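Okay, thanks for making time, everyone.

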Amino acid sequence: MGLSGPDAPDAAAHPAAASVFGDEAGRADVYARLLATKGIEWGLMGPREVDRIWDRHVLNSVAVGEAIPPSAHVVDVGSGAGLPGIPLALARPDLHVSLLEPLLRRATFLTEVVDELGLGDRVVVVRGRAVPAGDNDPLGHHDRYDAVTSRAVAPLPRLLGWCAPLLREHGTIVALKGASAADEVAAAAADLRRHQLTASVASVTTHEGADPTWLVVASR
């Protein structure tokens with residue numbers, strides 16, 4: 001079963017798509033339209049998000065790439081509809097991205113999106129979840145990566161407990177957060193020490209005229 005659906009005019013290609021995605025702008029446009037159609041039908045996006053698909057979701061997600069080194073192996077925790085993992089893979093074709101998602105319906109959607117976009121050479125879908133060290137959840141995922149990304153998954157202390165076990169030595173957690181990112185880092189000081197991580201906050205503007213996107217970058 002494919003995901004091809006009717007055009008979604010309100011999700012038409014963003015003027016910044018070419019500058020952000022380069023040669024992959026066409027596939028980014030297809031992805032935005034899938035979010036605006038099948039993403040809503042499958043319950044992964046709210047209907048009110050259609051006019052914000054590009055700015056709030058697709059382009060916003062690309063910000064995590066600012067903190068990820070070349071040719072890294074990346075896992076996107078709680079990937080949901082593929083955010084930020086799929087836009088990241090489109091903007092950074094040098095990366096290998098695993099979309100980690102525990103819910104079958106979402107994992108199925110992701111698999112079909114990856115197939116539709118022809119990204120199978122560098123993006124894989126893993127049905128599983130990030131768990132704290134020592135957790136015996138049968139869906140627990142225990143591979144290790146150069147970078148772990150997340151978007152709207154959990155408060156920072158809980159997120160660190162899930163993501164730190166997935167890091168290779170000298171790996172980096174990159175979390176998309178709001179304007180209160182610095183407060184979250186301060187509140188998570190004890191958790192950062194426990195996981196032997198050092199965190200900073202970065203403000204990234206993905207394209208001209210965009211509002212800043214806030215990242216928490218936690219590294220070993």
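Helices here are DSSP runs of H or I with at least four residues, strands are runs of E with at least two, and both are numbered from the N terminus. With that in hand: strand β4, helix α7 and strand β5 form a right-handed β-α-β unit.

Quick housekeeping. This is a predicted model, so local features need a pLDDT of at least 70 and side-chain atom pairs count only at pLDDT 80 or more, while totals for chains, interfaces and linings use all residues. Residues are numbered from 1 along each chain as its sequence is written, and side-chain values use heavy atoms, with hydrogens and water left out.

How confident is the predictor? pLDDT is its confidence in each residue, from 0 to 100, and the protein chain averages 93, with 95% of the residues scoring at least 70. The stretch to watch is residues 5-10, where pLDDT stays under 50. For that stretch the model has nine contacts beyond four places in sequence, a contact being heavy atoms within 4.5 Å.

Back to β5. Two strands pair if DSSP finds at least two bridges between them. β4, residues 145-151, runs parallel to β5 over six bridges, and Tyr145 sits opposite Leu167 there. β5 also has β7 as a partner: those two are antiparallel, again with six bridges, and Lys177 faces Trp214 of β7. Buried means under 20% relative accessible area, exposed means over 50%, and partly exposed is in between, with a 1.4 Å probe and protein chains only.

Now the inside. A nonpolar core is a set of buried Ala, Val, Leu, Ile, Met, Phe, Trp, Tyr and Cys residues joined through side-chain atoms within 4.5 Å. The largest one has 47 residues, and Phe21 and Ile86 touch the most other members. Elements supplying at least two residues each include α1, α2, α4, α5 and α6, along with β2, β5 and β7. The top contributor is α2, with seven residues. There's also a second, separate core of 22 residues, with Leu159, Leu167, Val185 and Val216 among them.

Let's zoom in on Phe21, which is in helix α1. Why does Phe21 count as buried? Because its relative accessibility is 4%. Leaving out residues up to four places away in sequence, Phe21 touches Ala28, Trp54, Val58, Leu59, Val62, Pro87, Leu90 and Ala91. Take Pro87: it's 66 residues from Phe21 in sequence, and the two C-alphas are 8.5 Å apart.

Then α6. This helix has 14 residues and reaches 20 Å from first C-alpha to last, close to the 20 Å expected at 1.5 Å a residue; that expected span is 1.5 Å times one less than the number of residues. Its buried residues, including Phe109, Leu110 and Glu112, pack against α2, α3, α5, β2 and β3. Gly118 and Arg27 are 91 residues apart along the chain, with 8.8 Å between their C-alphas.

Most residues other than glycine have a negative phi, and most peptide bonds are trans. Here, though, Leu83 and Pro84 are joined by a cis peptide bond, with omega about 10°, and Pro84 is in the loop between β1 and α5. Ser71 has a positive phi near 60°, in the loop between α4 and β1; at 48% relative accessible area, Ser71 is partly exposed. And Gln196 has a positive phi of about 55°, in the loop between α9 and β6. Buried or exposed for Gln196? Exposed, with a relative accessible area of 64%.

Definitions and conventions: Right-handed = clockwise from strand over helix to strand, strands pointing away. pLDDT = per-residue confidence, 0-100.
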